[in-house]
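This report describes a nonpolar core, a helix pair and a sheet. The sequence and the model come next.

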Amino acid sequence: MAAARVPSTDLSRVVEALEMIAPRWSVWVLMTLAVETQPLRYSEVNARLPWLVDGQLTPRLRALSEAGLIERTALSRKHVTYGLTDRGRALLPTLEALAAYGDQHLDKPLVETKVTTNGTTRVEMLPERIPAAQNAEDALALISYKHATALLWSLKERGPSTMAALHQETMPELSVAAVYHPVYKLSEDRLVTITPQAGADQDTPTLSTARLTLTAAARSLAPVYQAVAAWATGRPHTDAGHHPLWGTVRLPAAVRSGQWAAHKARHTTRAAVPVAQPPAPALAKTWRPNELFSSPITGPCR
């Protein structure tokens, strides 16, 4: 049975919400402020994100303030504080869903990890533990670039589809060629499968005749889209599971093997700071405001 058609206003608001928080370091700033019970001064925010310089932190604070997610309060000329607004705090379930998706489904480099079992310690190569804020940013990068979410939503609604159908559904005002790049990007990120038409070249399928389908990793984005749709349309998060398109997906969490969706690390000119590894691989757990980092660190591990 085909999924119920989702109002275009729902999708457009989701895309707008994702674009609002997609710029680099936005999630880090929001999750840093979420940890605190009181607003922070600029110097205090900077102390918690020491790898950011003024040219990176100030624009993020300004943009998030203009978006209504952060409240800037000037108590005096030299005493300005920043804290989450009610709207910003309502966004936390979306960041939590993004962090959980990144933790469960994005590739992680294997690192030497000490594992102790029954008093015996050994070294194993296990997926690196990534800070929650970085997991959220990396997951956001998969779905926030132009047309990505619109294409995923269309495939979720239509089922396996052709390039022509997706083009007509998501970007009819543009040329057919405009849909090629985002579809290839979704394929590289393992969110979409491109299947050549019977009899076509299996090594170099042409998008004009290939069938496009969502992967399991894409369908597992359901909790993310549920959360952001509820927030973007002003509904309480308790209603998120009732989304007409994404609300019925109930897939088991993936083992943290790093085999689902591609992980494109965001590089920084700052030296990466190693994160202490857990004693054994743990099941992915939901992020909470007091768990911004997977372990004490002084900078991002990406």
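## Nonpolar core

The largest nonpolar core holds 72 residues, and L152 and Y225 have the most contacts inside it. Such a core is a set of buried Ala, Val, Leu, Ile, Met, Phe, Trp, Tyr and Cys residues joined through side-chain atoms within 4.5 Å; buried means under 20% relative accessible area (1.4 Å probe, protein chains only). Helix 12 (residues 222-232) gives the most to this core, with 8 residues. Leaving aside neighbours within four places in sequence, Y225 is in contact (heavy atoms within 4.5 Å) with V14, L18, I143, T149, L152, W153 and W246.

## Basis

The model is predicted: local features need pLDDT of at least 70, side-chain atom pairs count only at pLDDT 80 or more, and totals for chains, interfaces and linings use all residues. Residues are numbered from 1 along each chain as its sequence is written, and side-chain values use heavy atoms, with hydrogens and water left out.

## Helices 2 and 4

Helix 2 (residues 26-35) packs on helix 4 (residues 54-66) at an angle of about 75°, with the axes 10 Å apart. Helix 2 is therefore roughly perpendicular to helix 4 (65 to 115 degrees). In this contact, S26, V29 and L30 of helix 2 meet L57, R60, L61 and L64 of helix 4.

An open sheet is formed by 3 strands in the order 6-8-7, with antiparallel pairing (two strands pair if DSSP finds at least two bridges between them). Strand 6 (161-162) and strand 7 (192-195) are the edge strands, each pairing on one side only. Strand 6 pairs with strand 8 (residues 211-214) over 2 bridges, and T162 stands opposite R211 in strand 8.

Notes. Helix = DSSP H or I, 4+ residues; strand = E, 2+ residues; numbered from the N terminus. Axes fitted to C-alpha atoms, helices over the stretch in contact; angles between N-to-C directions. Parallel < 35°, antiparallel > 145°, perpendicular 65-115°, else oblique. Buried < 20%, exposed > 50% of the residue type's maximum accessible area, 1.4 Å probe, protein only.
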